[in-house]
Amino acid sequence: MKYERILLKLSGEALMGERQYGIDPVRLADYANEIKQITNKGVQVAIVIGGGNIFRGVAGASKGMDRVQADHMGMLATVINGLALQSALEDAEIPTRLQSAVKINEVAEPFIRRRAMRHLEKGRVVIFGGGTGNPYFTTDSAAVLRAIEINADVILKGTRVDGIYTSDPEKNADATKFDFISFDDVLRKGLKVMDTTAFTLSQENELPIVVFDMNKAGNLLKVVSGESIGTQVNL
């Protein structure tokens, strides 16, 4: 395996599957099977999930809701998604721990860096919920922050698109895909990989990012094995 410890970033929308909102159990089971393929190879896996399938703080604030309140609602949505993914992983006989930056002791451990790293070393998948625990920060920022804290080798951003393109391939048929691109080129070209705070934090800490299609069976294993899947962003 090319990577020994990864942080997998999934959007909340990815859990909807073919639905318009909420959580699709079939999609969850598919993701659990993909993750099991790499844990069986000894790869240590941490996961951060967004909450956009349930509630998005920015969207709530844009409609007049207090931004801090809206972001806290979004944080709770990520914990709900974390619980759903935890259930799917355990159904696939994968040991897991859910840690939350927002204290909800009845359903999740508090985030403690050393404890998270011990879980990973023991072969447990660690799901980080609650974002960073602070409003005004996205789950992209949470993903990068947690990846740095646990000394992950890479952030794997699983999306429904198979990499980074010159423009949105779903809107522009002439868009071309990058196999490799530097952090500086992403910023210079104005490409949307992550929000600026998260992306800059990743760049400053020399943490590579791989953007790939998580919905294609076998892709996660291929990425972790070092195959040229998706787009790699590095220095």
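Glu-206 counts as exposed in this predicted model, because its relative accessibility is 59% and the cut-off for exposed is over 50%. The residue is found in the loop between α7 and β10, a strand that covers 209–213, and Glu-206 has a positive phi of about 55° although it is not a glycine.

- Nine strands form an open sheet with mixed pairing, and their order is β4-β3-β5-β2-β1-β6-β10-β11-β9.
- The edges are taken by β4 and by β9 (180–182), each of which has a single partner strand, so one side of each is left without a neighbour in the sheet.

- Pro-110 lies in strand β4, which consists of residues 109–110, and with a relative accessible area of 26% the residue is partly exposed.
- Although Pro-110 and Gln-99 are eleven residues apart in sequence, their C-alpha atoms are 5.3 Å apart in space.
- When neighbours within four places in sequence are left aside, the residues in contact with Pro-110 are Gln-99, Ser-100, Asn-105 and Arg-115.

**Strand β1, enclosed on both faces**

- Six of the six residues of β1 are buried, so this strand is largely enclosed by the rest of the structure.
- Both faces of β1 are covered, with Arg-5, Leu-7 and Lys-9 buried on one side and Ile-6, Leu-8 and Leu-10 buried on the other.
- β1 and β2 run parallel and are joined by six bridges, and within this pairing Leu-8 stands opposite Ile-47 in β2.
- Helix α5 (residues 139–149) lies across β1 (5–10), β2 (44–49), β5 (125–129) and β6 (154–159), and the helix runs at about 175° to β1.

**Helix α5 against helix α7**

- Two packed helices are described by the angle between their axes and by the distance between the axes.
- For α5 and helix α7 (residues 196–204), the packing angle is about 20° and the axes are 7 Å apart, which makes α5 roughly parallel to α7.
- The way in which α5 passes α7 is a left-handed crossing.
- On the α5 side the meeting residues are Asp-140, Ser-141, Val-144, Leu-145 and Ile-148, and on the α7 side they are Thr-197, Ala-198, Leu-201 and Ser-202.
- The residues of this contact between α5 and α7 divide into five nonpolar, three polar and one charged.

**Helix α1 against helix α3**

- The axes of helix α1 (residues 25–39) and α3 come within 9 Å and cross at roughly 60°, and α1 and α3 are therefore oblique to each other.
- The crossing in which α1 passes α3 is right-handed.
- Leu-28, Ala-32 and Ile-35 in α1 meet Ala-84, Leu-85, Ala-88 and Leu-89 in α3, and the residues of this contact divide into seven nonpolar, no polar and no charged.

- Is Asn-81 buried or exposed? Asn-81 is buried, because its relative accessible area is 0%, and the cut-off for buried is under 20%.
- The place of Asn-81 is in helix α3, which spans residues 67–91.
- Leaving aside neighbours within four places in sequence, Asn-81 is in contact with Gly-12, Leu-15, Ile-23, Ile-49, Gly-50, Gly-51, Asn-53 and Ile-54.

Definitions and conventions:
Residues are numbered from 1 along each chain as its sequence is written. This is a predicted model: local features need pLDDT of at least 70, side-chain atom pairs count only at pLDDT 80 or more; totals for chains, interfaces and linings use all residues. Side-chain values use heavy atoms; hydrogens and water are left out. Helices (H or I, at least four residues) and strands (E, at least two) are DSSP runs, numbered from the N terminus. Buried means under 20% relative accessible area, exposed over 50%, partly exposed in between (1.4 Å probe, protein chains only). Contact means heavy atoms within 4.5 Å. Axes are lines fitted to C-alpha atoms, for helices over the stretch in contact, and angles run from 0 to 180 degrees between N-to-C directions. Angles under 35 degrees count as roughly parallel, over 145 as roughly antiparallel, 65 to 115 as roughly perpendicular and the rest as oblique. A crossing is left-handed if the near helix is turned anticlockwise from the far one by less than a right angle, and right-handed if clockwise. Ala, Val, Leu, Ile, Met, Phe, Trp, Tyr, Cys and Pro count as nonpolar, Asp, Glu, Lys and Arg as charged, and the others, Gly among them, as polar. Two strands pair if DSSP finds at least two bridges between them.
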